[in-house]
Amino acid sequence: MKITELLKRDTIILDLHSTSKSDVIDELVGKLGEAGRLVDRDQYKEAILGREAQSTTGIGEGIAIPHAKTAAVKTPAIAFGRSKEGIDYESLDGQPAHLFFMIAASEGANNAHLETLSRLSMLLMDADFRQTLLNATSVDEVIAAIDAKESENAEEEEEEVHEAGTILAVTACPTGIAHTYMAADSLKAKAKELGLQVKVETNGSSGIKNALTQDEIENAPAIIVAADKQVEMQRFAGKKVIIVPVAEAIRKPQQLLEQASKGDAPIYHSDKKAEGEGTGAKERKGFYKHLMNGVSNMLPFVVGGGILIAISFIFSLVLEKKFPDNETIKTIGETLSIIGADNAFKLMVPVLAGFIAMSIADRPGLAPGMVGGLMAVTGGSGFLGGLIAGFLAGYIVVGLKKVFSKLPQALDGIKPVLLYPVFGILLTGLVMLFVVNGPVKAINDGLNHWLGNMGTGNLVLLGLILGGMMAIDMGGPINKAAFTFGIAMIDGGNFAPHAAIMAGGMVPPLGLAIATTLFRNKFTKAEREAGKTCYVMGLSFITEGAIPFAAADPARVIPASVIGAAVAGALAMMFHIQLPAPHGGIFVVPIVRGNWLLYLLAIVIGSIVTALIVGLLKKPVKAE
């Protein structure tokens, strides 16, 4: 499939009106929507913003490739926009972007579509091709230039021969559409220029391509792993490995290739970090990566189970009191509670622990981690015990891999199905049973007792801190730390902290939505439209809805959001509100313990505070 089968005349904008990153996204999403390529514009835009929150898609050299693979896409497509003046897209090289390709991949996109989308990423690495697109005077010239460049590349392709000593690389990004292939092409182009041989394995949406063989790995001087998601690392044990984010392979291919060709790289040991990466920021990144792998996989159980619990409360605490003789209402409430509280919610901690362990030790860590998490639940150490169980199981399995690496190679087949699960579960279980559960249960009991006996002043201070944390990075590590603390408290039977956390998390998008309504002259038309969406996202407890505003004007938006969220959290605590549901936003407000009207008041006051501060600090925009 040719690129121009996805990029059509009706999805090209030769002269963008946008002046900011958020405007560009809105304009290109609008173009795809007008062309009938999307099922749901808001959902697609949300997916685009979610990808931007992971890392900017402004890759430098004047290029930005916002992209998403989602069910909101009706037909796989590409939208192209050009700005000769340049737009600040928070690009990796700090320079304005001029060429914008927005890639829309449907959830059911076949390999032909995905390979075509990735091929576009490779073409853009050619500086002459980029200049041709900048100089094009019509839509037809853009399409002709892409067709010509694609045909030229097809003629130049030939089978690669990889000899001993070839530098190996693996590239992977979370979406697997753009950065994965641009990083691969950047390494190949620079290797050709330097007279080096390189083979690159891509871990994209269409699967693993150009997979590295064991013989190639054995003979390689070093392996470059440029990835923002988990890739198979055990095969590199004992080899020199350079581990960097995928963007580094796009920006600094020469530095990486020269380092690899000299063999100047740390030795990679099993699933642990390479030598020399055990301190400082990289260590914290590793811990955070493992923790977030657990939290992200736990969230569906938290959200699904939590909202079912909330609905069950509506039946059991509200409707059943009004209709005490109605057996149907009682049965529905009990059923929802069984599904949500007795099953989905009880899987929360085992899943958390299992996926933390899996992040550390790959698949062999999953079973010991889940068993350790379940033992934390049944042993009373709860959420905190589950966190410990995840890291404990992961590193126990890493240790087992080292121990069993000395066994004859003929026994390799039984390690993952017999040795790792048996000894991993046994050792994790013994430590949890005899070392972890007792002390951690005592800590949990003490923490809950302390929270239960806190005076109003201290509770307000706690609410202030937790609410503010939810708005500092809007879905980032600090936000997730506060949210995780709230879940732990719910698991321990203390429902007050999470009420402050949810209130604080709802304020940033609601505050920005109110600001765009009250202070229209201080926002662009696109921002005012985004503000309407923020009403829905804020009411649904999706803090990330405020990210586009924060990205465009962080110095004003972030402090305003933090102050408003902190006020809401403090008021929720002052009003003695408790929230047994971990998610749901406005939909679970009726089941709060305490005065639900006061809880709404806390959220409204916090949102208005944010809106007023934003309105006071922002300057009027030029008339559109």
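At roughly what angle do the axes of helix α1 and helix α2 cross? Keep that in mind while you get your bearings in this predicted model.

**Start with the whole chain.** Show everything as a cartoon and you have 22 helices and 11 strands to look through. Of the 624 residues, 52% are buried. If you draw contacts with a separation of 6 or more, 73% of them link residues 24 or more positions apart.

**Next, select 21-34 and 41-54.** These are α1 and α2, and here is the angle: their axes cross at roughly 140°, coming within 10 Å. Angles over 145 would count as roughly antiparallel, so this pair is oblique instead. The crossing is right-handed. Show side chains to see who makes the contact: from α1 you get Lys21, Ile25, Asp26, Val29, Gly30, Leu32, Gly33 and Glu34, while α2 brings Arg41, Tyr44, Lys45, Ile48, Leu49 and Glu52. Sorted by class, that is six nonpolar, six charged and two polar residues.

**Hop to glutamate 90.** Look in the loop between β5 (77-87) and β6 (97-106). Glutamate 90 is partly exposed, at 35% relative accessibility.

**Last stop, aspartate 362.** Select the loop between α12 (348-361) and α13 (366-379) to find it. Aspartate 362 isn't a glycine either, yet its phi is positive, at about 65°. Buried or exposed, would you say, for aspartate 362? With a relative accessible area of 12%, aspartate 362 is buried.

Key: Residues are numbered from 1 along each chain as its sequence is written. This is a predicted model: local features need pLDDT of at least 70, side-chain atom pairs count only at pLDDT 80 or more; totals for chains, interfaces and linings use all residues. Side-chain values use heavy atoms; hydrogens and water are left out. Axes are lines fitted to C-alpha atoms, for helices over the stretch in contact, and angles run from 0 to 180 degrees between N-to-C directions. Helices (H or I, at least four residues) and strands (E, at least two) are DSSP runs, numbered from the N terminus. Angles under 35 degrees count as roughly parallel, over 145 as roughly antiparallel, 65 to 115 as roughly perpendicular and the rest as oblique. A crossing is left-handed if the near helix is turned anticlockwise from the far one by less than a right angle, and right-handed if clockwise. Contact means heavy atoms within 4.5 Å. Ala, Val, Leu, Ile, Met, Phe, Trp, Tyr, Cys and Pro count as nonpolar, Asp, Glu, Lys and Arg as charged, and the others, Gly among them, as polar. Buried means under 20% relative accessible area, exposed over 50%, partly exposed in between (1.4 Å probe, protein chains only).
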